[in-house]
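Here is a short report for a reader meeting this structure for the first time. Take a look at the sequence and the model, then read on.

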Amino acid sequence: MRNSILAWWLPLGAMLVAIPLGDGVKTVIWVAALAWMGGACVANSRRCGRVHCRYTGPFLLAMILPVLGHGSGLLSLGEQGWLWLGLTTGLGMAVIWWLSERM
């Protein structure tokens, strides 16, 4: 349970707390959280072979690119860009987990 809190719930909480902050700070927090969670998934996949971790890890690491793009202004996702990034991350993880565990 402690590992789960450190690996996923703490970074997820940091992302949620960062929502009202400015784009620069939010970008740094979200990139760090995504890298931490993605790295934890990759390590977990190698350690215990969890199927969904094999896919959620690379997905979370890949989500760093659109977060960096939007946070830096290179990729315009509109006024609701952070909402779309959050929904894509959350729903993407849920769908990947659900589908991969049923395979």
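## A buried asparagine and its surroundings

Leaving out residues up to four places away in sequence, asparagine 44 touches Trp8, Gly49, Arg50 and Cys53. Asparagine 44 sits in helix H2. Its relative accessibility is 10%, so asparagine 44 counts as buried, the cut-off being under 20%. The model is a predicted one.

## The chain as a whole

The chain has five helices and zero strands. Read along the sequence, the pattern is α-α-α-α-α. The C-alpha atoms fill a box of roughly 40 × 25 × 15 Å along the principal axes. How does the radius of gyration relate to that of a compact globule, and why? A compact globule of 103 residues would have a radius of gyration near 13 Å, and the chain has 14 Å, which agrees.

Of the 103 residues, 34% count as buried. Among contacts with a separation of 6 or more, 55% are between residues 24 or more positions apart.

| Helix | Buried residues | Cover includes |
|---|---|---|
| H3 (51–62) | His52, Cys53, Thr56, Gly57, Phe59, Leu60 | H2, H4, H5 |
| H4 (64–72) | Ile64, Val67, Gly69, His70, Gly71 | H2 (23–48), H3 (51–62), H5 (81–102) |

How do H3 and H4 pack? Their angle is about 15°, and their axes are 4 Å apart. Angles under 35 degrees count as roughly parallel, so H3 and H4 are roughly parallel to each other. On the H3 side, the contact is made by Leu60, Leu61 and Ala62. On the H4 side, Ile64, Leu65 and Pro66 make the contact. By class, this contact has six nonpolar residues, no polar residues and no charged residues.

Just after H4, glycine 73 takes a positive phi of about 90°.

## Leucine 68

Leucine 68 also belongs to helix H4. Is leucine 68 buried or partly exposed? Its relative accessible area is 39%, so leucine 68 is partly exposed. Leaving aside neighbours within four places in sequence, leucine 68 is in contact with Thr27 and Val31. Leucine 68 and glycine 24 are 44 residues apart in sequence. In space, their C-alpha atoms are 9.6 Å apart.

## The aromatic pair

A pair of aromatic rings is described by the distance of the centres and the angle of the planes. How many aromatic pairs does the structure hold? There is one aromatic pair. Tryptophan 30 and tryptophan 82 form it, in an edge-to-face arrangement. The centres are 5.0 Å apart, and the planes stand at 75°. The pair links distant parts of the chain. Tryptophan 30 lies in helix H2, and tryptophan 82 lies in helix H5. The two tryptophans are 52 residues apart. Both tryptophan 30 and tryptophan 82 are buried.

How values were computed. Residues are numbered from 1 along each chain as its sequence is written. This is a predicted model: local features need pLDDT of at least 70, side-chain atom pairs count only at pLDDT 80 or more; totals for chains, interfaces and linings use all residues. Side-chain values use heavy atoms; hydrogens and water are left out. Buried means under 20% relative accessible area, exposed over 50%, partly exposed in between (1.4 Å probe, protein chains only). Contact means heavy atoms within 4.5 Å. Rings of Phe, Tyr and Trp (its six-membered ring) pair if their centres lie within 6.5 Å; planes under 30 degrees apart count as stacked, over 60 as edge-to-face and the rest as tilted. Axes are lines fitted to C-alpha atoms, for helices over the stretch in contact, and angles run from 0 to 180 degrees between N-to-C directions. Angles under 35 degrees count as roughly parallel, over 145 as roughly antiparallel, 65 to 115 as roughly perpendicular and the rest as oblique. Ala, Val, Leu, Ile, Met, Phe, Trp, Tyr, Cys and Pro count as nonpolar, Asp, Glu, Lys and Arg as charged, and the others, Gly among them, as polar. The radius of gyration is taken over C-alpha atoms; the globule rule is 2.2 Å times the number of residues to the power 0.38.
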